[in-house]
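Subject: Structure for you to look at

Hello,

Here is the structure we spoke about. Please open it first, then read the notes below.

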Amino acid sequence: MNNVFVLIGGEIKRMKKYNILGASVFVALIWIGVLHFTEAEDITYLFPYLVFFDAVSMAMLMVGVTMFFEKQEGTLKTLLVSPINKSEYILSKVFVNVLSNILTLLLLYLYARIFKEIDLNILGLLGAVILVAFFHSLLGVILTYYSKDFTDLLMKMFLYSLIFMLPVILEQVDIISGQLIDKLIYIIPTKASMSLFLASTGLIETWEIYLSIAYMVTASVIMYIIVSKKFDEFAVKGSGV
Amino acid sequence: MIISVNEGGFIMFTVNNLTFRYPRNKDYTIKGISFEIKEGEIFGLLGPSGVGKSTTQKILIKLLHNYRGEVSYMNENLNSYGKEFYQDIGVGFEMPVHFSKLTAEENISFFKKLYKFKVDSDELLKRLGLYKDKNKKVSQFSKGMKVRLNFVRALLNNPKILFLDEPTSGLDPKNARIIKDMIKEYKDNGGTVLLTTHLMNDVDELCNRVAFMVDGKISEIDTPKNLKLKHGERRVDIEYEDDSNITKVSFDLDNLSGDKKLLDIINNRKIITMHSKETTLDDIFIKVTGVENHE
């Protein structure tokens with residue numbers, strides 16, 4: 001795994017040079033803007049929602065952007081004939097993506113601590129970002145495998161948000177409810193993700209936190225296996241065959 | 001490890017009855033080809049586009065896996081090698097493949113870190129005339145500069161075997177000469193090369209052996225010299241001054257020593273030109289593949 005560190009270093013450098021990190025910081029500034037223009041002084045309960053949005057959507061988007069750049073420039077081909085294996089390639093992308101999400105979390109938290117009132121468990125939130133961004137980065141890799149181009153990837157992400165993010169938020173704010181919905185919603189990964197973020201506010205029961213952690217860890221392992229299995233197929237396509 | 005020896009050279013690659021079909025294709029792209037690449041030779045894989053040259057190369061560099069037949073590297077099944085295989089090889093793709101928003105130096109330094117054994121990349125950059133531009137973004141490079149940087153990238157780990165696809169494509173004669181000289185030096189230092197190109201002059205100058213591929217099969221495999229002898233005519237044409245006229249005659253190469261007319265021309269006439277009728281690789285390409293070499 002020695003080359004993972006080289007790949008992570010290279011990935012961070014490219015994220016800077018290709019302005020991907022800049023875009024990520026820009027999105028963080030938009031979230032800060034949202035917090036700034038919120039009338040409420042205490043943003044404890046709003047904060048996890050913003051981090052949830054970021055960890056889910058930006059994780060998928062950022063990994064897709066870097067992979068499409070590599071495909072477009074043919075550099076994926078060069079990486080494939082370098083002494084690295086697919087797990088190093090995949091994990092380095094995911095780690096850097098998670099780091100980018102952590103950076104956003106820290107920027108938002110710093111703003112909130114200085115300019116607003118906030119009372120939540122930052123370590124819990126950090127753990128949630130790691131788990132949720134890890135899973136969704138892997139999901140972003142899968143979506144990239146099956147996307148013809150960047151627009152196609154955006155469409156797939158939009159569909160994911162519509163199907164998996166929206167119901168969770170609507171359920172959370174009691175716009176949709178009911179016994180069946182309350183139970184069924186636990187099937188989708190965004191519910192576990194949301195629960196982990198809200199756990200930092202102390203609103204979630206302990207059993208639900210453990211269930212969500214178990215869900216995200218299991219889902220990440222399964223997702224990693226799928227990403228790894230499908231990698232060769234993507235590599236062949238990405239190498240111009 | 002036991003290394004087999006064939007005609008004075010270790011066998012780097014053995015390909016035996018290789019067959020390959022892309023998952024979505026009905027037809028096989030590679031149809032049972034067999035060949036060897038010996039250590040220290042430049043082996044040319046030639047043929048028109050779409051006959052399976054690149055596919056064969058992609059199998060040898062482990063980009064394609066689900067093939068049938070046997071491929072071994074250094075007498076071990078190619079499939080038994082993991083990522084360490086790439087410590088041994090260098091690949092120069094036809095199209096330049098660099099991170100365009102990084103400088104040449106940043107590109108080189110990133111890939112260099114992945115290898116255990118590294119060469120002095122500054123020396124390579126100097127030799128290829130890229131040193132003064134090494135801090136420029138690759139997006140500012142001309143096509144020729146990108147091609148040269150490709151070559152540097154392929155040599156970074158001082159590979160045992162180099163896979164080159166059209167290494168002089170898009171280069172001016174001066175830079176093409178530098179690259180060809182470097183390939184020869186690499187070979188003289190014990191390196192092995194698999195060269196894919198449409199430029200028959202390059203093949204003639206560089207390759208020890210060549211294989212012509214047609215429709216997924218190898219139709220000819222030999223040294224360029226043997227191929228020229230095989231496909232050429234064993235004749236010699238002479239133009240000489242006969243009084244004030246120029247006369248052209250042709251002699252059978254196998255009976256030259258006893259030919260009185262030839263001796264008379266050599267002793268008593270002014271010879272204008274004298275050519276043996278061996279053919280060119282271009283002609284062989286057209287004859288063997290049935291395709292004009294315009295690519």
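**Where the chains meet**

In this predicted model, 27 residues of chain A are in contact (heavy atoms within 4.5 Å) with 24 residues of chain B. Residues are numbered from 1 along each chain as its sequence is written, chains are lettered from A and ligands numbered from 1 in the order in which they are written. Local features need pLDDT of at least 70, side-chain atom pairs count only at pLDDT 80 or more, while totals for chains, interfaces and linings use all residues; side-chain values use heavy atoms, with hydrogens and water left out.

There are 3 salt bridges between chain A and chain B, a salt bridge being a side-chain nitrogen of Lys or Arg within 4 Å of a carboxyl oxygen of Asp or Glu. One of them joins B:Glu106 to A:Lys13 (3.6 Å, N to O). On chain A, helices H1 (2-17), H3 (47-73) and H4 (75-80) each supply at least two residues of the side that touches chain B; helices are DSSP runs of H or I, at least four residues, and strands are runs of E, at least two. H1(A) gives the largest share, 7 residues.

**The sheet in chain B**

Chain B has an open sheet of 6 strands, in the order E7-E8-E9-E4-E10-E11, with mixed pairing. Two strands pair if DSSP finds at least two bridges between them. The edge strands are E7 (89-92) and E11 (217-222) of chain B. Strands E4 (42-46) and E9 (192-196) of chain B run parallel and are joined by 4 bridges. In E9(B), B:Leu195 is the bridge partner of B:Gly44.

Regards
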